[in-house]
Amino acid sequence: MRAVEFHEYGGPEVLKAVDAEVPEPGPGQVTIDAAYTGVNFADLKARAEGYRVTALPFRPGLEVSGRVRAVGEGVEGLRPGQDVVALVGSGAYAEVVAADAATVFPLPRGLDLRTAAALPTVLPTAHALLHEVGRLRAGETVLVHGAAGGVGTAAGQLARAAGAGAVYGVASSRDKAAYARRHGYDEVFTTDTFAADVRRATGGRGVDLVLDPVGGETLRHGLDALAAFGRLVSFGNASGAEPWHVGQPELYAQGRSVAGFSVLSLAQSAPDALRALAERAFRTVVEGTVRLPVTAEFSLADAAEAHRLMGGRASTGKLLLRTSG
């Protein structure tokens, strides 16, 4: 089979198409003939910085849609020939992907494989950030960093559907801001002074919930954008900055709180909780509450081009690799 991996860290050019052995499912696993693979920022961090890489060579890819090829010992509820979507720790940049059965989901009714490939990381993450972790209530206000990305696109629509009083975003360009406003956002800020922009937009009050994948100084300024009793949920460190420690001086005075979320960590520590979360999240697409546009599609062999587009901060929505056909 064909796969894409890297043998050293670096730019998109280190991604190489290789011939590889077809994996066999171990106990509790299935193998999937891949149709589409999602491209995520975590893939870029793995390639460039070694994020979550255990050893080289490494095959990136966290989400895949396709058809079950074979099932391993002890697997129930999945069968060869069944259309599925899966979240995996790595290895989805390939024509055949091995996945733990606990994080493989039958294709939701009414969805095609192309649409489904965009869901496993983005949609459960956005749902958890707003509801399970962020505990958004109707009438509250939200600020989302990366508003034009995959998670941001879903979060804007979910917040609007939940009855948020106002949904604000942060994006890196005017074009991205315009895209975000088409997906649930009332106002999108494009400056580094977003905390001041939030205060202006809210009459000095601040927002009730901030969703932050950036970390570093952005997280600190996000705390400044919170209203009294506001919550900040961290779900990444795209800045690569040293972790910023939050303590009593930042939290006590106005009853603010900070929480965190990682869909990959949840998959490892509480797969049953992930399954329940994913099923709730997937329903929002089936019911039409959320639309997650695939804005660019590449062949598996052109994975480097997908990384260049995402790394250039010009992409919006979701990017996919076409792994069959």
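**Reading loops and helices**

Tutor: Let us begin with a loop: R135 lies between α3 (122-133) and β8. Helices (H or I, at least four residues) and strands (E, at least two) are DSSP runs, numbered from the N terminus. This is a predicted model, in which local features need pLDDT of at least 70 and side-chain atom pairs count only at pLDDT 80 or more, while totals for chains, interfaces and linings use all residues. Residues are numbered from 1 along each chain as its sequence is written, and side-chain values use heavy atoms, with hydrogens and water left out.

Student: What is the phi of R135, and is the residue buried or exposed?

Tutor: Buried means under 20% relative accessible area, exposed over 50%, and partly exposed in between (1.4 Å probe, protein chains only). R135 has a positive phi of about 50 degrees, although it is not a glycine. With a relative accessible area of 57%, R135 is exposed.

Student: Which features does the loop between α1 and β4 hold?

Tutor: R52 lies in that loop and, although not a glycine, has a positive phi of about 65 degrees. R52 is partly exposed, at a relative accessible area of 32%. P57 also lies between α1 (41-49) and β4 (63-71), and the peptide bond from L56 to P57 is cis, with omega near -5 degrees.

Student: How is the buried side of a helix read?

Tutor: An α-helix has 3.6 residues a turn, so residues three or four places apart point the same way. In helix α7 (residues 216-224), the buried residues are G216, T218, L219, G222 and L223. They cover an arc of only 155 degrees around the axis, which puts them on the same side of α7; the arc is that of the directions from the helix axis to the C-beta atoms.

Student: What covers these buried residues of α7?

Tutor: The cover includes β8 (141-145), α6 (194-201), β11 (207-212), β12 (226-234), α8 (248-251) and β13 (257-260).

Student: How is a pair of helices described?

Tutor: Two packed helices are described by the angle between their axes and the distance between the axes. The axes of α6 and α7 come within 8 Å and cross at roughly 20 degrees. Axes are lines fitted to C-alpha atoms, for helices over the stretch in contact, and angles run from 0 to 180 degrees between N-to-C directions.

Student: Which residues make the contact of α6 with α7?

Tutor: F194, A195 and R199 of α6 meet T218, H221, G222 and D224 of α7, where contact means heavy atoms within 4.5 Å.
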